[in-house]
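Dear colleague,

I am handing over the structure we spoke about, placed just below. My notes follow it, and I would be glad if you read them with the model open beside you.

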Amino acid sequence: MTAAARVLELLVERGETLAVAESLTGGLVAAELTSVPGASHSFRGSVTAYATPLKRDVLGVDGVLLAERGAVDPEVARQMAAGVRRVLGADWGIATTGVAGPEPQDGKAVGTVYVAVSGPDAVENMAELRLNGGRADIRKESVRSVLKLLSAELGRNASAQDTEQNGGN
């Protein structure tokens, strides 16, 4: 089972939805999710905010943060995930931002990527990646990594819910 199929299965089991905010992946996360039959049961949609002003204007990322640190930043990834969740009305939001190359951006080396998850009950997680390879490799690994991060959160969150439902044991 692919990471996308596993994530969608978990979301359907929980009756929850997902929205995606993408920068360097340019729609690849959404494409991976929608390649799974039945994705429409839990996938709400995506925003490909490739241009920095869209991160601010559409996703609500803090303009001062973008001006001071640039778009390739862990807090930008976190705010993108929270923003897409809010804008598209989803239970979960995930985001990718980084440098796929060929040149560095915002003072960050090629292969610097941040992926983030925002979910119910103030769940937030972010991972910093240092990826090798060409542009296509970096983008592909970014997709895999953000789906893996979400899958881990869904699994962790499900365990906590099971414990609560079973009297804390």
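Which side chain meets that of Arg-130 in a salt bridge? The partner is Glu-128, with 2.5 Å from N to O, where a salt bridge is a side-chain nitrogen of Lys or Arg within 4 Å of a carboxyl oxygen of Asp or Glu. Arg-130 is exposed, at a relative accessible area of 53%, whereas Glu-128 is partly exposed, at 44%; here buried means under 20% relative accessible area, exposed over 50%, and partly exposed in between, with a 1.4 Å probe and protein chains only.

Before the rest, some words on the basis of these notes. This is a predicted model, in which local features need pLDDT of at least 70 and side-chain atom pairs count only at pLDDT 80 or more, while totals for chains, interfaces and linings use all residues. Residues are numbered from 1 along each chain as its sequence is written, and side-chain values use heavy atoms, with hydrogens and water left out. The mean pLDDT of the chain (the predictor's confidence in each residue, from 0 to 100) is 93, and 93% of the residues reach 70 or more. Please treat one stretch with caution: over residues 162–169 the pLDDT is below 50, and beyond near neighbours in sequence this stretch has 2 contacts in the model, contact meaning heavy atoms within 4.5 Å.

To return to the charged side chains, the structure holds 9 salt bridges. One of them joins Arg-56 and Asp-57 at 2.7 Å, N to O; Arg-56 is partly exposed at 39% relative accessibility, and Asp-57 is exposed at 53%. Another joins Arg-144 and Glu-141 at 2.5 Å, N to O. These two are separated by about one helical turn, because they are 3 residues apart in helix H6 (helices, H or I of at least four residues, and strands, E of at least two, are DSSP runs numbered from the N terminus). Arg-144 is partly exposed, with a relative accessible area of 39%, and Glu-141 is also partly exposed, with 25%.

Glu-75, Arg-78 and Glu-124 are linked in a network of salt bridges. Glu-124 has its place in strand E5, residues 124–130, and is partly exposed at 40%. Leaving out residues up to four places away in sequence, Glu-124 touches Arg-78, Val-117 and Ser-118.

Thr-17 lies in the loop between H1 and E1 and counts as buried, at 18% relative accessibility. With the neighbours within four places again set aside, Thr-17 is in contact with Leu-11, Ser-42, Arg-44, Gly-89, Ala-90, Asp-91 and Trp-92.

Two further loop residues may be worth a look. Asp-106, in the loop between E3 and E4, counts as partly exposed at 39% relative accessibility. Not counting residues up to four places away in sequence, Asp-106 touches Arg-69, Gly-70, Ala-71 and Val-72, and from Asp-106 to Asp-73, 33 residues apart in sequence, the C-alpha to C-alpha separation is 9.1 Å. Val-58 lies in the loop between helix H3 (52–57) and helix H4 (63–69), and is partly exposed with a relative accessible area of 34%. Together with Leu-54 and Val-87, Val-58 makes a nonpolar surface patch of about 200 Å². Patches are made of residues with over 30% relative accessible area and no salt bridge, with like charges joined within 9 Å and nonpolar side chains (Val, Leu, Ile, Met, Phe, Trp, Tyr) within 5 Å; accessible areas come from the Shrake-Rupley method with a 1.4 Å probe, and for residues only the protein chains shown count as cover.
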